[in-house]
Amino acid sequence: MSGRDGFVRRAALLLLPVATVTAISPLFAGDGEMGFTNYYFTDSGANKVVTTSFNLARKLLEQTTLLLDIELDHVTVPPITAVTGASRPQRDKSQPFEKSRGQVILGMEQGIGQNLTLSASFYRSQEVDYISSSAVGTASLDMFRKNTTLTLRGQYNADKVGKILESGDVYNQNKFVYTGAADLTQVLSPTTVLDLAYDVVRLKGLLSDPYLQVSVIDSTGGTVLVDELHPDNRTRHAGTARLSQFIPSIRASLIGSYRYYWDTWSVKSHTAELKLNKYITSDLVFSVDYRYYTQTGSWFYQPDYIGSGYTESLYRTVDYKLTPFSSNNFGLSLSYTLRALGAGGGDFEFLENSSIELTYFRYFNTLDFSADIVQFAIKFSI
Amino acid sequence: MRTWAIRAAAGAVLAALAAGLGGCMAVKATERNYLADPIMEREDHFSKQTLAQKFFSSREGSIGGASGIGGGCGCAK
């Protein structure tokens with residue numbers, strides 16, 4: 001694909017959904033919410049991702065809501081050189097590798113009485129070398145005059161992890177994921193909410209990247225390239241605490257969170273995040289966000305793999321996500337409510353509770369990796 | 001194993017404390033205007049990953065701990 005074709009495709013991916021959402025939004029006028037998000041990502045490794053997402057929550061009956069989410073991604077990975085260990089096929093390695101991904105989530109939310117909400121969703125994601133199918137069930141119970149909400153979630157994923165071979169054929173292997181999660185939200189005062197969450201994720205099957213290769217020094221002193229080999233099961237745990245505080249005197253909110261993670265591969269991590277949202281005018285909100293993350297490496301990660309055992313059954317990895325590192329992320333955001341456009345009534349009344357948002361993230365870590373992310377979102381209340 | 005039990009117990013105590021607070025510090029529905037403000041960022045209908053979470057999950061080794069759905073990241077790792 002030429003650079004011009006790529007640009008045209010990315011521009012179409014960005015603009016078509018805006019036009020579609022704007023055109024169809026009056027058709028869904030009623031009780032619900034509709035959103036459109038665009039996301040552009042580029043990093044220091046010359047990878048590019050353009051994502052377009054559309055979601056709809058539409059009330060069908062008094063306590064029944066239909067949920068629909070559609071997401072399209074276009075990914076460009078640069079040619080393989082001596083200095084990149086990119087996760088992409090070796091085939092046509094002197095050319096950029098491009099692929100598209102489509103995702104659909106279809107769900108139903110049902111209220112039962114005043115305090116219980118049940119929901120079920122089905123998820124399907126497809127790209128040339130990865131297919132994922134998932135079912136999710138959630139129960140949410142309000143207690144103590146809606147001051148406390150307990151949410152339980154269970155999820156099952158059945159994925160096919162593909163590898164594009166030199167011949168162009170795709171070789172698939174299975175991966176299964178079982179998730180259980182509990183979330184407790186507590187109103188502490190008219191301006192403060194505390195959120196505590198725990199989840200456990202069990203993974204089985206192919207858990208290594210089918211494209212990544214490890215350089216092993218064998219018994220003769222020579223170097224051999226072999227595929228990564230990770231254990232075929234992993235259990236992840238994470239606990240999160242989040243405190244949200246509204247500050248009426250300056251019309252702002254301060255949201256702080258801490259998360260601790262540990263798993264059976266000996267990876268442990270700490271994440272701390274602080275975000276300030278501030279009304280500049282009654283329609284314009286400015287947000288600033290900082291996130292710090294640090295993790296340990298997995299028990300089988302080594303800087304060098306020496307010995308013929310590593311060309312056979314001993315575990316080996318070059319995945320930097322299994323090495324020790326820290327990262328910093330800064331975010332800035334502007335959100336504008338279209339109240340003024342909708343206030344006049346008529347055809348634009350649906351814009352009254354709608355908003356547009358522009359976000360920029362700058363991410364960098366101790367492995368000399370950095371990324372810039374720009375996100376544009378429109379949300380309609382319909 | 002012992003560390004695991006201590007963490008589970010700490011989580012249970014925190015949850016019980018929060019639930020207990022709910023019983024004795026009830027905030028009336030009419031007093032929740034600030035809590036309902038969009039800048040308090042309460043979750044919407046979708047339990048899928050936000051795009052920021054999607055990025056972090058493809059770049060860091062410890063996904064989970066927040067709402068998330070689905071595999072296949074549509075990302076460049």
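This talk walks through a predicted model with chains A and B, from its nonpolar cores to its sheet pairing and a few individual residues.

Good morning. Let me begin with the cores. The largest nonpolar core holds 13 residues. Those with the most contacts inside this core are Phe41(A), Val49(A), Ala371(A), Ile373(A) and Phe55(B). Several elements of chain A give two or more residues to the core: strand S1 (32–43), S2, strand S3 (64–77), S18 and S19. A second, separate core has 7 residues, including Met34(A), Leu56(A), Ala57(A) and Leu67(A).

Which residues of chain A does Phe55(B) touch, leaving aside those up to four places away in sequence? They are Phe41(A) and Ile373(A), and both of these are also listed among the residues with the most contacts in the largest core. As for chain B as a whole, it has 2 helices and 0 strands, and 36% of its 77 residues count as buried.

I turn now to the strand pairing in chain A. An open sheet is formed by 3 strands in the order S11-S10-S16, with mixed pairing. Its edge strands are S11 and strand S16 (305–306), each of which pairs on one side only. Within this sheet, strand S10 (residues 213–217) and strand S11 (residues 223–227) run antiparallel and are joined by 5 bridges. Two of the residue pairings can be named: Val214(A) has Val226(A) as its bridge partner in S11(A), and Ser215(A) has Leu225(A). S10(A) and S11(A) form a hairpin, with 5 residues between them. In the turn, Gly221(A) has a positive phi of about 90°.

That brings me to backbone angles. Most residues other than glycine have a negative phi. Phi of Lys146(A) is near 65°, a positive value in a residue other than glycine. Lys146(A) sits in the loop between strand S6 (130–143) and strand S7 (148–164). Phi of Asp368(A) is likewise positive, near 65°, and Asp368(A) belongs to the loop between strand S18 (355–365) and strand S19 (370–381).

Gln110(A) is in strand S4 (residues 97–112). With 14 other C-beta atoms within 10 Å, Gln110(A) is partly exposed. Not counting residues up to four places away in sequence, Gln110(A) touches Gln63(A), Thr64(A), Leu118(A) and Ser119(A). Gln110(A) and Thr192(A) are 82 residues apart in sequence, and their C-alpha atoms are 28 Å apart in space.

Lys59(A) itself counts as partly exposed, with 15 C-beta neighbours inside 10 Å. How far apart are the C-alpha atoms of Lys59(A) and Asp232(A)? They are separated by 42 Å, the two residues being 173 residues apart along the chain.

Thank you for your attention.

How values were computed
Residues are numbered from 1 along each chain as its sequence is written. Chains are lettered from A and ligands numbered from 1 in the order in which they are written. This is a predicted model: local features need pLDDT of at least 70, side-chain atom pairs count only at pLDDT 80 or more; totals for chains, interfaces and linings use all residues. Helices (H or I, at least four residues) and strands (E, at least two) are DSSP runs, numbered from the N terminus. A residue is buried if 20 or more other C-beta atoms lie within 10 Å of its own, exposed if 12 or fewer, and partly exposed in between; C-beta atoms are placed from the backbone. Two strands pair if DSSP finds at least two bridges between them. Two residues are in contact if their C-beta atoms, placed from the backbone, lie within 7 Å. A nonpolar core is a set of buried Ala, Val, Leu, Ile, Met, Phe, Trp, Tyr and Cys residues joined through C-beta atoms within 7 Å.
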